[in-house]
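Biologist: I would like to learn how to read a few features of a structure like this one. Can we take them one at a time?

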Amino acid sequence: MKYIPLSFVLLFCFVLGGLMFKSMTPPRCEKLLQDDNIFVLTGDARRIPYAVKKLEHLKYGSLYIIGAGATFIPDIDHVQVESLSKSTYQNALAIKHIVKIKNLSRVVIVTTEDHMNRALYLLRDEIPDTDIIACPASLTGMNTAERLKRWTIEYIKYIVTLLGIKEG
């Protein structure tokens, strides 16, 4: 029996891992409570408007916009902006700080679906005793090639994060 080239095995593992990565992503926003605190990570134009729509359905909720580069900051009550963090890891540290100060036991995370797995991984590492609710913003309206590129980049970043490199 001939051996299979190592490059083929590695490519197969990479593709299989990518499929698993995609399947791990929460398909939709979990049920929100009327007093939930929504934390939206900046970086994609879909995220903040999506989070604002979620906030509109909450009677006592708050919205925290986390990260540099917020392009749409709504002029509504119960919105706070943290604009110093510049990476997903720094976002997680900023959220950890707010959770500690506000003594929160539950947070809702809004980011795009391709970014959700890495964001959740970093947050669970930083705030392990906090209930983290995933609320992914869909990449609808994006062409297939661009979507595949984004998923691949996030998958590679996820692998690097699993290897212990949180910034980069």
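Biologist: Is Cys13 buried, partly exposed or exposed?

Modeller: Bear in mind that this is a predicted model. Buried means under 20% relative accessible area and exposed means over 50%, with partly exposed in between. Cys13 has 45% relative accessibility, so Cys13 is partly exposed.

Biologist: How many disulfides are there?

Modeller: A disulfide is called when two cysteine sulfur atoms lie within 2.5 Å. That rule gives one disulfide. The partners are Cys29 and Cys135, with 2.1 Å between their sulfur atoms. The angle about the S-S bond is -105°, and the link of Cys29 and Cys135 is left-handed.

Biologist: Which parts does the pair tie together?

Modeller: Cys29 sits in the loop between helix 1 and strand 1, while Cys135 belongs to strand 5, so the link joins parts 106 residues apart in sequence.

Biologist: Are Cys29 and Cys135 buried or exposed?

Modeller: Apply the 20% cut-off again. Cys29 is buried, at 16% relative accessibility. Cys135 is buried too, with a relative accessible area of 0%.

Biologist: At what angle do helix 1 and helix 5 cross?

Modeller: An angle of 65 to 115 degrees counts as roughly perpendicular. The axes of helix 1 (residues 6-24) and helix 5 (residues 144-162) cross at roughly 95° and come within 10 Å. The two helices are therefore roughly perpendicular to each other.

Biologist: Which residues make the contact?

Modeller: Helix 1 contributes residues including Cys13, Phe14 and Gly17, and helix 5 contributes, among them, Trp151, Thr152 and Glu154. By class, the contact has nine nonpolar, three polar and two charged residues.

Note on methods:
Residues numbered from 1 in each chain as written. Predicted model: local features only at pLDDT ≥ 70, side-chain atom pairs only at ≥ 80, totals over all residues. Heavy atoms only, no water. Axes fitted to C-alpha atoms, helices over the stretch in contact; angles between N-to-C directions. Helix = DSSP H or I, 4+ residues; strand = E, 2+ residues; numbered from the N terminus. Parallel < 35°, antiparallel > 145°, perpendicular 65-115°, else oblique. Contact = heavy atoms within 4.5 Å. Nonpolar A, V, L, I, M, F, W, Y, C, P; charged D, E, K, R; others polar. Buried < 20%, exposed > 50% of the residue type's maximum accessible area, 1.4 Å probe, protein only.
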